[in-house]
Amino acid sequence: GKWWKVTHKLPLRPGRYCNVIESDNVTSCPTVTVDHRGYARVEVPPIRAVALHAGVMVPEEKPEPVRTCASKQDNCENFECCKDAGHRCYQKNPWWSSCLPHCRPGTRDSFDKLPWSCNPVW
């Protein structure tokens with residue numbers, strides 16, 4: 001049957017994960033990369049299912065450089081500060097937080113129209 005290439009929102013942290021539809025071997029499996037917004041480009045087989053090792057990330061070949069402050073495009077919960085002066089890390093939901101100058105609970109952004117909780121992360 002035909003495979004489809006789709007972009008799908010996943011409740012996972014950014015990184016590379018094993019695609020267990022093709023292999024259960026974490027050390028040599030084909031990978032799916034989840035971007036900073038939680039989206040992954042995946043190939044869906046004719047059975048219309050995708051299975052990932054949730055929580056089992058594939059080790060990076062080279063460690064990424066350590067960044068101490070988050071930009072506006074980063075999920076700031078794993079950083080220590082925001083690059084822009086006067087910004088603070090606010091949580092939108094369990095999967096995303098962003099550096100903002102202020103945050104009003106219930107505000108909806110143009111990205112996915114879901115409301116912000118605005119809980120301060122740090």
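Through how many residues does a hairpin join strand 8 to strand 9? The structure is a predicted model, in which local features need pLDDT of at least 70 and side-chain atom pairs count only at pLDDT 80 or more, while totals for chains, interfaces and linings use all residues. Residues are numbered from 1 along each chain as its sequence is written, and side-chain values use heavy atoms, with hydrogens and water left out.

The hairpin that links strand 8 to strand 9 passes through two residues. Strands here are DSSP runs (E, at least two residues), as are helices (H or I, at least four residues), and both are numbered from the N terminus; two strands are taken to pair if DSSP finds at least two bridges between them. Strand 8 (residues 88–93) and strand 9 (residues 96–100) run antiparallel and are joined by five bridges, with Cys-89 having Cys-99 of strand 9 as its bridge partner. Strand 8 also pairs in the antiparallel sense with strand 10 (residues 119–120), over two bridges, and in this pairing Gln-91 stands opposite Asn-119.

Strand 8 and strand 9 each supply at least two residues to the lining of the second largest pocket. On a 1 Å grid over the protein atoms alone, a pocket is an open set of points where a 1.4 Å probe fits, with protein on both sides within 12 Å along at least five of seven lines, and lining residues have an atom within 4 Å of a point. The volume of this pocket, the space filled by probe spheres set on the points, is about 200 Å³. Its lining comprises 14 residues, of which Arg-37, Lys-92, Trp-96, Asp-109 and Phe-111 lie nearest the centre. By class, the lining holds six charged residues (Asp, Glu, Lys and Arg), four nonpolar residues (Ala, Val, Leu, Ile, Met, Phe, Trp, Tyr, Cys and Pro) and four polar residues (the others, Gly among them).

The chain as a whole contains ten strands and zero helices. Of its 122 residues, 31% count as buried (under 20% relative accessible area, with a 1.4 Å probe and protein chains only). Among contacts (heavy atoms within 4.5 Å) between residues at least 6 apart in sequence, 50% join residues at least 24 apart. Tyr-39 lies in strand 4 (residues 39–44), and its C-alpha atom is separated by 8.5 Å from that of Pro-14, 25 residues away along the chain.

How values were computed. Buried < 20%, exposed > 50% of the residue type's maximum accessible area, 1.4 Å probe, protein only.
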